[in-house]
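I opened a new structure today and kept notes as I went.

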Amino acid sequence: MSAPLVSLLGCCQRSTRLLVARRPWSSSSLSLPLLRERLLLFLDRRFYDVEMLLSLKSRMKRTELKTMNGHYSYTKEIYGADIASAYYVLCLKGGFRFVGHSEWFRADQNGSFNWDFLNYKDTPLEEVDMSNTVITYIGLSNLEGQKSLQTLCLRGCSEVDDWFLAKLHVFQNSLKELDISHCPNITTGGLVALRNLKGLRRLDVSSLPGISTPGLVIILLEEMLPHCEVIASGYDHSLKPEGVEEVGSQG
């Protein structure tokens, strides 16, 4: 082996030993803070990535809800208001019954349904079941023309809120039964709007988590709607707010 090559090999070996000798000092002094900084930077970037994804998911959900609850004007123009209302109910996986008929039309879990309802043109809806659907107060406009609607079930509808209840006044001359049980976004203020439904004979307000004083609310509803049977299960019916203990006498 030539002398220059031996000399170069020796320099490389000495450099390697020097790096190995310095590694413990470098790891303890410089690598840990640098690693910590990089880790924090990584987590910071991931936080904003997750936040952006959640925001995007929320926007997509709002867009989907708006699309599903859009006005069925084209169907109304072709088939009339009654068929348009019926089609809207089925598209949201709900069910309905026409006036004067016992047969119910319902969509299954996959959204499939029987198209025979098209044969009932100019026949209004008498009962509508929208339980556990994503109907919104905007979508409710697809049912506004149903002046013969007597029964409306909204049990477990996550998008039914106080604004929705305020819009139910359009059925004040026909609606007799209303089920708004298990709707998480209804508050006491929204229930006050039901005073316009003077024709109600049965109202189910069971298990509304947004009601803090169910005892008082039930009394209020019974006073507003004296001819209506108010069903309210799943509550502590005391007059104090839930979670507040009464102060008992001492001694």
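**Entry 1: salt bridges**

I began with salt bridges and got a count of four, taking a salt bridge as a side-chain nitrogen of Lys or Arg within 4 Å of a carboxyl oxygen of Asp or Glu. Before going on, I noted that this is a predicted model, where local features need pLDDT of at least 70 and side-chain atom pairs count only at pLDDT 80 or more, while totals for chains, interfaces and linings use all residues. Residues are numbered from 1 along each chain as its sequence is written, and side-chain values use heavy atoms, with hydrogens and water left out.

I looked up Arg97 and found it paired with Glu127, with 2.7 Å between the closest N and O atoms. This pair links distant parts of the chain, since Arg97 is in strand β1 and Glu127 in strand β3, 30 residues apart. My helices and strands are DSSP runs numbered from the N terminus: H or I of at least four residues for helices, E of at least two for strands.

Which of these two is buried and which is partly exposed? Arg97 is buried at 12% relative accessible area, and Glu127 is partly exposed at 21%. Here buried means under 20% relative accessible area, exposed means over 50%, and partly exposed is in between (1.4 Å probe, protein chains only).

Next I checked Arg106 and Asp129, whose closest N and O atoms are 3.2 Å apart. Arg106 is partly exposed, at 44% relative accessibility, whereas Asp129 is buried at 17%.

Glu144 and Lys167 form another salt bridge, at 3.6 Å between the closest N and O atoms. Both ends are in loops: Glu144 between β3 and β4 (151-153), Lys167 between α4 and β5 (177-179). I also noted that salt bridges with shared partners join Arg97, Glu126 and Glu127 into one network.

**Entry 2: the whole chain**

I stepped back and listed six helices and seven strands. Along the sequence they run α-α-α-β-β-β-β-α-β-α-β-α-β. Of the 251 residues, 34% are buried. I then looked at contacts (heavy atoms within 4.5 Å). Among contacts with a separation of 6 or more, 67% are between residues 24 or more positions apart.

**Entry 3: the core**

Which residues touch the most other members of the largest nonpolar core? I found Ile135, Leu178 and Leu191, in a core of 51 residues. Such a core is a set of buried Ala, Val, Leu, Ile, Met, Phe, Trp, Tyr and Cys residues joined through side-chain atoms within 4.5 Å. At least two residues each come from α3 (81-91), β1 (95-98), β3 (125-129), α4 (162-166) and α6 (214-224). The largest share, five residues, is from α3. I jotted down a reminder that nonpolar side chains tend to be buried together in soluble globular proteins.

Asp204 sits in strand β6 (residues 202-204) and is buried at 9% relative accessible area. Asp204 also touches Asp179, Ile180, Ser181 and Ile231.

In α6, I marked Pro214, Gly215, Val217, Ile218, Leu221 and Met224 as buried. Their cover includes α5 (188-192), β6 and β7 (229-231).

**Entry 4: helix α2**

Leaving out residues up to four places away, Thr75 touches Gly80, Ala84 and Tyr87. Ile78 is also in helix α2 (residues 73-79), but Ile78 is partly exposed at 41%.

**Entry 5: confidence**

Last, I checked pLDDT, the predictor's confidence in each residue from 0 to 100. The chain averages 83, and 75% of the residues score at least 70. Over residues 14-28 the pLDDT stays under 50, and the model has two contacts there beyond four places in sequence. Residues 246-251 are also below 50, with one contact beyond near neighbours in sequence. I wrote a caution beside these: where pLDDT is low, the predicted coordinates should not be read in detail.
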